[in-house]
Amino acid sequence: MLDQRPPTRYNQFLKIATWFEGTLILVAYGIGWAVSINPLAHLNLTPIGFFWGIAGTLPLYLLFALSYNLPWSSMRAVRNFLVEKLGPFLSRYR
């Protein structure tokens, strides 16, 4: 069944998250400019770089999946918090 909550709460959540992340990018560029560092000066988009990016992300994802499914009470508390706070906002995009 579709969620009957008004869509404005979901849109507001995504807008706030997008603005927050965008502001972090601008702050990082501003700090880099202030100290004369170009953050894109050494950026090389290569297949081996893509491979290392995936290889570096995969263990973190696997650890998250493992910890999310462990029956430890502390992990259960984190999972319940995430489901309680973010679940209603993100369930629409399932």
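Helices here are DSSP runs of H or I that are at least four residues long, numbered from the N terminus. On that basis, arginine 79 is placed in helix α3 of this predicted model. The chain as a whole has three helices and zero strands, and its pattern along the sequence reads α-α-α.

The overall exposure of the chain comes next. The chain has 94 residues, of which 5% count as buried. Its accessible surface is about 8,600 Å², and carbon and sulfur atoms account for 72% of that area.

Arginine 79 is a buried residue without a salt bridge. The nearest side chain of opposite charge belongs to glutamate 84, and the separation is 12 Å. When residues up to four places away in sequence are not counted, arginine 79 touches Tyr68, Asn69 and Leu70.

Side chains of opposite charge can pair when their charged atoms come close. The search of the whole structure finds one salt bridge. Glutamate 84 has a relative accessibility of 55% and therefore counts as exposed, the threshold being over 50%. Lysine 85, with a relative accessible area of 42%, is partly exposed.

Helix α3 also takes part in a nonpolar surface patch. The patch covers about 910 Å² and is made by Leu14, Leu58, Tyr61, Leu62, Phe64, Val78, Phe81, Leu82, Leu86 and Leu90. Two helices, α2 (47-69) and α3 (73-90), each supply at least two of the patch residues. The largest share comes from α3, with five residues. One of the patch residues, leucine 86, has its place in helix α3. Patch members need over 30% relative accessible area, so leucine 86, at 33% and partly exposed, passes that requirement.

The aromatic rings are a separate topic. How many aromatic pairs does the structure hold? The structure holds one. Its members are phenylalanine 51 and tryptophan 52. A pair of aromatic rings is described by the distance of the centres and the angle of the planes. For phenylalanine 51 and tryptophan 52 the centres are 5.3 Å apart and the planes make an angle of 70°. Planes over 60 degrees apart count as edge-to-face, which is why this pair is given that label. Phenylalanine 51 is partly exposed, with 45% relative accessible area, whereas tryptophan 52 is exposed, at 58%.

The last stop is a loop. Serine 36 lies between α1 (7-34) and α2, in the loop that joins the sequence there. Is serine 36 buried or exposed? With 69% relative accessibility, serine 36 counts as exposed. Serine 36 is not a glycine, yet its phi is positive, at about 60°.

Terms used. Residues numbered from 1 in each chain as written. Predicted model: local features only at pLDDT ≥ 70, side-chain atom pairs only at ≥ 80, totals over all residues. Heavy atoms only, no water. Buried < 20%, exposed > 50% of the residue type's maximum accessible area, 1.4 Å probe, protein only. Areas by Shrake-Rupley, 256 points an atom, 1.4 Å probe, with all protein chains shown as cover. Phe/Tyr/Trp six-rings, centres within 6.5 Å; stacked < 30°, edge-to-face > 60°. Patch = residues over 30% accessible without salt bridge, like charges linked within 9 Å, V, L, I, M, F, W, Y side chains within 5 Å. Salt bridge = Lys/Arg side-chain N within 4 Å of Asp/Glu carboxyl O. Lys, Arg positive; Asp, Glu negative; His and termini not counted. Contact = heavy atoms within 4.5 Å.
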